[in-house]
Amino acid sequence: MTDSKIAVSKASGYVLRSMTRVCVLTLVLVLHACSPQTTSAKKPNVILILIDDQGYGDISALGNPFIQTPHIDELHGNSVRFTDYHVSPTCSPTRAALLTGHHSNRTGVWHTVNGRSLLLERETTAAQIFKDNGYATGIFGKWHLGDNYPFRPQDRGFDEVLTHGGGGMEQTMDYWDNDYFNDMYIHNGELQQYEGYSADIWFDEAIKWIDSKKDEPFFCYLPSNTAHSPYFVEDKYYKDLEGNDSIPSAPFLGMIRNIDENVGRLLNFLKESGRLDNTIIVYTTDNGTAQGATMDGHRLDGFMSKGFNAGMRGLKASKYEGGHRVPLFLRWDGGEINQGKDIDDLTAHYDVLPTLVDLCGLETGADITSDGQSLVPLIKGDNAAFKDRIVITNSQRIEKPEPWRRTSLMQGKWRLVDGVELYNLEEDPEQRENIADQFPDKVQAYRDYYDQWWAELSPTYEDQPYLYVGHSADNPTRLVAHDWHTEAEASPWHQRHIRMAYKDNGYWLVNVQESGKYSVKLRRWPEETQLALNAKAAVRLPLTGTSVTESVESTALTISQARLQIQDVDVIQAVDPSAGFVEFEIDLKAGESKLQTWFTLDSGETLGAYYVHIERR
């Protein structure tokens with residue numbers, strides 16, 4: 001057997017055992033019981049900060065030449081930094097892995113729409129584990145793992161919930177016309193108006209909530225929606241950057257500056273309130289940079305032409321390093337993890353939860369498993385369990401995953417991309433030269449490992465997330481096109497400004513909780529707009545690369561009839577063009593089903609109802 005096969009064989013044995021055996025997180029507690037870090041009667045608090053679309057190079061401490069991020073730099077300077085840390089290349093999958101300790105594919109989350117941003121019911125989140133261990137739990141920001149029961153954060157362990165809808169503002173799940181300023185957010189299940197800028201509000205409300213926790217430990221999840229598009233931020237954060245031809249998007253960097261300011265406010269609060277010493281702070285991001293650089297050639301996978309990307313190829317959603325290698329800082333003054341230290345071993349997002357369980361001395365049930373492993377040994381200088389490990393990340397973005405689709409298999413500094421491109425980052429950090437033909441044994445050994453990994457995970461892809469209707473926790477239920485199941489890879493209808501003229505359709509997977517009579521209302525526009533089915537609507541859209549908006553008016557569609565299909569119900573009725581909805585009164589039986597709708601235009605074309613309200617009478 002060649003050296004490369006031996007190395008991969010060792011890693012395969014280790015990683016596959018961790019996938020197939022019950023990897024009980026409580027096992028780490030046996031080792032941890034002797035650690036001085038958990039001898040205190042008061043368990044440490046945890047703040048998990050997840051920044052949207054900020055890449056590794058979008059921080060001045062990590063080399064960005066265009067902006068200064070002094071507060072993030074301070075955190076960096078007093079943290080353990082994992083310099084070869086990888087997440088999924090897009091939003092929802094990273095969030096699923098981070099909060100469950102499982103590979104995102106295992107959780108049912110490998111897309112950001114199409115019903116595949118919904119975290120499967122069988123998954124246990126960090127919030128549930130912390131709550132079971134006596135912690136107060138709160139989320140402030142972007143959830144993006146489901147907006148209906150049983151997928152909402154309040155259904156998955158969070159006591160205090162302040163979020164917006166869907167994956168970003170200006171998406172169909174979010175409140176109509178939210179634009180980062182003075183918006184409507186969901187507070188503990190109810191819409192509420194807030195004054196100020198979105199990221200400021202998340203940090204403000206998190207600080208208020210933390211300040212209210214006097215005698216109980218807390219787990220605070222702070223996933224800011226910034227710096228996700230559209231790039232709206234106050235002028236003061238980016239006007240001085242305009243006109244610099246080396247910067248792809250001044251407003252994007254302005255949003256990073258605002259995040260840095262908020263991190264500073266949080267750190268100052270922790271210091272002044274005396275909470276810093278006993279609070280674990282984790283800072284990371286959900287994928288590679290969205291606008292910190294631009295690529296030559298392929299829009300996502302090319303080589304950098306403008307901006308700064310820490311020497312990496314690819315951006316957000318890329319299969320190359322720039323798509324999934326991001327910062328991870330961990331600081332805990334009370335645990336003596338507060339000195340600047342770089343750790344270059346290969347780590348991943350599903351390692352974060354086992355690490356927190358370890359550091360906080362949490363108890364977990366025998367059914368709690370992980371695809372990751374605690375990073376505490378690395379922090380203590382022992383990398384024996386990490387030397388040969390393999391990490392796999394992929395970007396599927398389709399209804400059902402396909403082998404090797406936009407995939408990077410990683411071991412040490414080796415990268416096998418899509419099963420056919422091999423790179424050695426020690427010699428070729430930009431992944432410019434495919435050397436697969438020089439190492440056929442290594443390529444084959446990696447492919448063999450991947451085949452075993454895929455065979456172990458692929459049966460779980462059949463598990464479907466069902467939106468509950470008729471359940472007391474969410475009645476009436478609001479279904480949105482964001483969660484349509486479709487065969488299309490692209491999903492332009494999840495952005496409202498494109499969707500207004502887009503004629504597409506899909507179906508929802510629903511679980512009817514009780515047999516009985518139901519009212520089903522089909523809408524083209526969200527209820528808060530009070531618009532008629534055939535009405536036009538105006539929205540504010542950002543001009544490319546700026547924070548300037550223009551008003552765009554949609555096309556008026558002449559809808560003549562509506563159709564609803566679910567279980568054995570298939571009904572059609574005429575449309576009142578001046579009404580805001582078409583209502584059907586139907587009988588449903590308890591059980592799982594597909595629900596699909598159609599609006600028929602005078603031209604004979606059809607499209608789906610983007611919004612459906614179902615209420616059990």
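Q: What counts as a strand in this predicted model?
A: A strand is a DSSP run of E with at least two residues, and strands are numbered from the N terminus.

Q: What kind of peptide bond joins N475 and P476, and what is omega?
A: The bond joining N475 and P476 is cis, with omega about 5°.

Q: Where else can you look for a cis peptide bond, and which loop holds P150?
A: Have a look at Y149 and P150, which are joined by a cis peptide bond with an omega of about 10°. P150 belongs to the loop between strand 4 (136-141) and strand 5 (160-163).

Q: What makes the phi of D177 worth a look, and where is D177?
A: D177 is not a glycine, yet its phi is positive, at about 70°. You will find D177 in the loop between strand 5 and strand 6 (184-187).

Q: Why is D177 called partly exposed?
A: The relative accessibility of D177 is 26%. Partly exposed covers values between the buried cut-off, under 20%, and the exposed one, over 50%, so D177 counts as partly exposed.

Q: What is the phi of W404, and which loop holds this residue?
A: W404 has a positive phi of about 65°, although this residue is not a glycine either. Its loop runs between strand 15 (390-394) and strand 16 (407-411).

Q: How do you know whether W404 is buried or exposed?
A: Compare its value with the cut-off: buried means under 20% relative accessible area. W404 has 10%, so W404 is buried.

Key. Residues numbered from 1 in each chain as written. Predicted model: local features only at pLDDT ≥ 70, side-chain atom pairs only at ≥ 80, totals over all residues. Heavy atoms only, no water. Helix = DSSP H or I, 4+ residues; strand = E, 2+ residues; numbered from the N terminus. Buried < 20%, exposed > 50% of the residue type's maximum accessible area, 1.4 Å probe, protein only.
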